[in-house]
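Biologist: Could you take me through this structure? I am new to it.
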Amino acid sequence: MTIEEKFAKLEETVTRLESEDISLEESFRIYKEGMELLKKCNADIDKVEKQVMQLNGEGALEEFA
């Protein structure tokens with residue numbers, strides 16, 4: 001799943017949690033799934049941040065810190 005797909009799934013999760021006709025038990029299950037998905041999104045973002053490069057003062061590429 002791409003990060004965009006993960007964010008779309010998170011939006012679906014929030015919408016489902018905001019639904020008035022959801023049981024407390026179902027809310028906890030959906031919340032747990034959402035938190036796991038959020039952890040995966042954070043890991044993906046961390047991975048991308050480590051790969052981003054920037055130009056230093058001498059014009060050479062180095063990893064963005």
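Biologist: Where is the place of Thr-13?
Modeller: Thr-13 sits in helix α1; helices are DSSP runs (H or I, at least four residues), numbered from the N terminus. The model is predicted: local features need pLDDT of at least 70, side-chain atom pairs count only at pLDDT 80 or more, and totals for chains, interfaces and linings use all residues. Residues are numbered from 1 along each chain as its sequence is written, and side-chain values use heavy atoms, with hydrogens and water left out.
Biologist: Is Thr-13 buried or exposed?
Modeller: Thr-13 is buried, its relative accessible area being 8% (buried means under 20%, exposed over 50%, partly exposed in between, with a 1.4 Å probe and protein chains only).
Biologist: Which residues is Thr-13 in contact with, leaving aside neighbours within four places in sequence?
Modeller: Those are Ile-30 and Gly-34, where contact means heavy atoms within 4.5 Å.
Biologist: At what angle do α1 and α2 pack?
Modeller: Helix α1 (residues 3-18) and helix α2 (residues 24-51) pack at about 155°, and their axes are 10 Å apart. That makes α1 roughly antiparallel to α2, a term for angles over 145 degrees.
Biologist: Which residues of α1 meet α2?
Modeller: Among them are Phe-7, Leu-10, Thr-13 and Leu-17 in α1, which meet residues of α2 including Ile-30, Gly-34 and Leu-38.
Biologist: Changing topic, where is the place of Thr-2?
Modeller: Thr-2 lies in the segment before α1. Thr-2 is partly exposed, at a relative accessible area of 38%. Thr-2 and Cys-41 are 39 residues apart along the chain, and their C-alpha atoms are separated by 9.2 Å.

Definitions and conventions
Axes are lines fitted to C-alpha atoms, for helices over the stretch in contact, and angles run from 0 to 180 degrees between N-to-C directions. Helices (H or I, at least four residues) and strands (E, at least two) are DSSP runs, numbered from the N terminus. Angles under 35 degrees count as roughly parallel, over 145 as roughly antiparallel, 65 to 115 as roughly perpendicular and the rest as oblique.
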